[in-house]
Amino acid sequence: ALPQPDQGKALSTYPELDSGEQLMFHYVAASALPPDIEKLAQSYSSEYRQTTDTFRKRDLLQALQPQIEQKIQQAKAEPYAWMDIETPELGAYDFQRKGFPIGEFEGKRSRYFNDAYQYKLTWANRDQVKFAPVVDEAAARELESMRSDWNNKPRLKIYFLGQSADLNEQTLNALVTRVQVVSKSGKVLAEYSPDGSVPAKAADEAGGG
């Protein structure tokens, strides 16, 4: 059975995921396979990657192994994280459904970072979060106006649990637990969970991110 999120976990306790190195360790932790330390060292250490001296390489690997194993254990102990998405691709406001379609969750898209770019992340339950309900008209108007303002486009903060790993694609399957639509300054304009239990907030009621 796949791990399920702790619904009582406070969002403030989620660490930010902002590097390929972090994603790599989350992937390895979720894979539940014995880690390939040599392969991980190639991504983790530029010195190890660039060294051609085989004795130096062996010495480096021995020094790096406990660091890598510690990082994996940290990812296993804390499989939660949040990610900042600069280009969420909000669609036009849907008056019938009262909310915005979110392009980020359309189709099986992948996210990666330039460091350790071979490790990717995809949203496991994207169909449950691809529509952001915003029933408050003031909040909806603000988001709709921001949507077409290139210098002020809304962003997403996506909170998730690293649930499993696709070994063929080196991809972490991230189960979304909460989504916040935020301004560039971090003000939360709308917020919702996969089951819709967290209603969208009016812009003047929303707290900071």
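This is a predicted model: local features need pLDDT of at least 70, side-chain atom pairs count only at pLDDT 80 or more; totals for chains, interfaces and linings use all residues.
At what angle do the axes of helix H1 and H4 cross, and within what distance do they come? Residues are numbered from 1 along each chain as its sequence is written, and side-chain values use heavy atoms, with hydrogens and water left out.

The axes of H1 (residues 20–31) and H4 cross at roughly 70 degrees and come within 8 Å. That makes H1 roughly perpendicular to H4, a term that covers angles of 65 to 115 degrees. Axes here are lines fitted to C-alpha atoms, for helices over the stretch in contact, and angles run from 0 to 180 degrees between N-to-C directions. On the H1 side, Glu21, Phe25, His26, Val28 and Ala29 meet Ile68, Lys71, Ile72, Ala75 and Lys76 of H4; contact means heavy atoms within 4.5 Å. The residues of this contact divide into six nonpolar, one polar and three charged. In this division Ala, Val, Leu, Ile, Met, Phe, Trp, Tyr, Cys and Pro count as nonpolar, Asp, Glu, Lys and Arg as charged, and the others, Gly among them, as polar.

Helix H4 (residues 54–77) also packs with helix H2 (residues 37–44), at an angle of about 90 degrees and with the axes 9 Å apart. H2 and H4 are therefore roughly perpendicular to each other. From H2, Ile37, Glu38, Leu40, Ala41, Gln42 and Tyr44 take part, and they meet Lys57, Leu61, Leu64, Gln65, Gln67, Ile68, Glu69, Lys71 and Ile72 in H4. By class, the contact of H2 with H4 holds eight nonpolar, three polar and four charged residues. The C-alpha atoms of Asp59 and Tyr48 are separated by 9.6 Å.

The chain as a whole has six helices and seven strands, where helices (H or I, at least four residues) and strands (E, at least two) are DSSP runs numbered from the N terminus. Their order along the sequence is α-α-α-α-β-β-β-α-β-α-β-β-β. The C-alpha trace spans about 65 × 40 × 30 Å along its principal axes. Of the 209 residues, 46% count as buried. Among contacts between residues at least 6 apart in sequence, 63% join residues at least 24 apart.

Ala139, in helix H6 (residues 137–147), is buried, with a relative accessible area of 1%. Gln163, in strand S5 (residues 155–166), counts as buried at 10% relative accessibility. Leaving aside neighbours within four places in sequence, Gln163 is in contact with Leu2, Pro3, Gln4, Ala124, Asn173 and Leu175.

Finally, the largest pocket holds about 270 Å³ of space. A pocket is an open set of points on a 1 Å grid over the protein atoms alone, where a 1.4 Å probe fits, with protein on both sides within 12 Å along at least five of seven lines; lining residues have an atom within 4 Å of a point. Grid points are joined across faces, edges and corners, and the volume is the space filled by probe spheres set on the points. The lining consists of 13 residues, of which Glu86, Thr87, Pro88, Lys153 and Pro154 lie nearest the centre of the pocket. By class, four lining residues are nonpolar, three polar and six charged.

Terms used. Angles under 35 degrees count as roughly parallel, over 145 as roughly antiparallel, 65 to 115 as roughly perpendicular and the rest as oblique. Buried means under 20% relative accessible area, exposed over 50%, partly exposed in between (1.4 Å probe, protein chains only).
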